[in-house]
Amino acid sequence: MPSTSLTVRADEDPWTDEEIEQVRAELLGGLDRLAAELKTSAAELRDLLASGVDGAGNDQADVGSTSLERDAEMSLAANQQELLSQTEKALERLGDGTYGICENCGQPIGKLRLLAFPRATLCMECKRKEERR
């Protein structure tokens with residue numbers, strides 16, 4: 001039996017309960033995975049920061065390597081945090097019935113897009129416009 005609680009494009013079939021559960025399961029699995037990865041990154045970053053990069057007793061290559069590693073770890077942690085936030089937001093939208101509605105134009109995002117990328121908040125047209133800026 002199709003679920004009509006989530007918006008779809010005119011050329012799409014309504015969401016089925018199985019499809020909604022598939023998306024929910026993928027998001028929940030991603031939430032757990034990202035939380036674990038973020039915890040690991042935080043521990044590695046803590047270790048890098050604790051080792052210091054002041055150069056005392058290290059040659060310049062070691063200091064540079066440590067700085068580069070720290071910066072990469074910080075970037076990775078920031079990306080993981082952003083994905084975690086997007087996943088939490090998608091789960092909230094799924095729960096309150098706004099999942100699948102473009103945050104920019106208010107039109108349906110498209111079921112196929114959401115099945116491929118469950119964290120999507122923009123329809124393809126709005127996403128293209130955003131990327132051109």
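Me: How exposed is Pro-14, and how do I read that?

Reply: Read the relative accessible area against two cut-offs: under 20% is buried, over 50% is exposed, and in between is partly exposed. Pro-14 has a relative accessible area of 33%, so Pro-14 counts as partly exposed. Keep in mind that this is a predicted model.

Me: Which pattern does the protein follow along the sequence?

Reply: List the elements in order. Here the order is β-β-α-α-α-α. That gives four helices and two strands.

Me: Is Arg-93 buried or exposed?

Reply: Apply the cut-off again. Arg-93 has a relative accessible area of 10%, so it is buried. This arginine belongs to helix 2.

Me: Which residues touch the most other members of the largest nonpolar core?

Reply: The core has 21 residues, and Trp-15, Leu-94 and Tyr-99 touch the most other members. Two elements, helix 1 (17-51) and helix 2, each give two or more residues to this core. Helix 1 gives the most, with six.

Me: What does Leu-94 touch?

Reply: Set aside residues up to four places away in sequence. Leu-94 then touches Leu-6, Ile-20, Val-23, Arg-24, Leu-27 and Tyr-99.

Me: How much space lies in the largest pocket, and which residues line it?

Reply: Take volume, then lining. The largest pocket holds about 200 Å³. Its lining includes Glu-82, Lys-89, Arg-113, Phe-117 and Lys-127. Helix 2 (residues 60-96) supplies the largest share of that lining, four residues. By type, the lining divides into five charged, three polar and three nonpolar residues.

Me: What share of the protein is buried, and what share of contacts join residues at least 24 apart?

Reply: Finish with totals. Of the 133 residues, 32% are buried. Among contacts between residues at least 6 apart in sequence, 52% join residues at least 24 apart.

How values were computed:
Residues numbered from 1 in each chain as written. Predicted model: local features only at pLDDT ≥ 70, side-chain atom pairs only at ≥ 80, totals over all residues. Heavy atoms only, no water. 1 Å grid on protein atoms, 1.4 Å probe; cavity = no way out; pocket = protein on both sides within 12 Å on 5 of 7 lines; lining within 4 Å. Points joined across faces, edges and corners; volume = space filled by probe spheres on them. Nonpolar A, V, L, I, M, F, W, Y, C, P; charged D, E, K, R; others polar. Buried < 20%, exposed > 50% of the residue type's maximum accessible area, 1.4 Å probe, protein only. Core = buried A, V, L, I, M, F, W, Y, C linked by side-chain atoms within 4.5 Å. Contact = heavy atoms within 4.5 Å.
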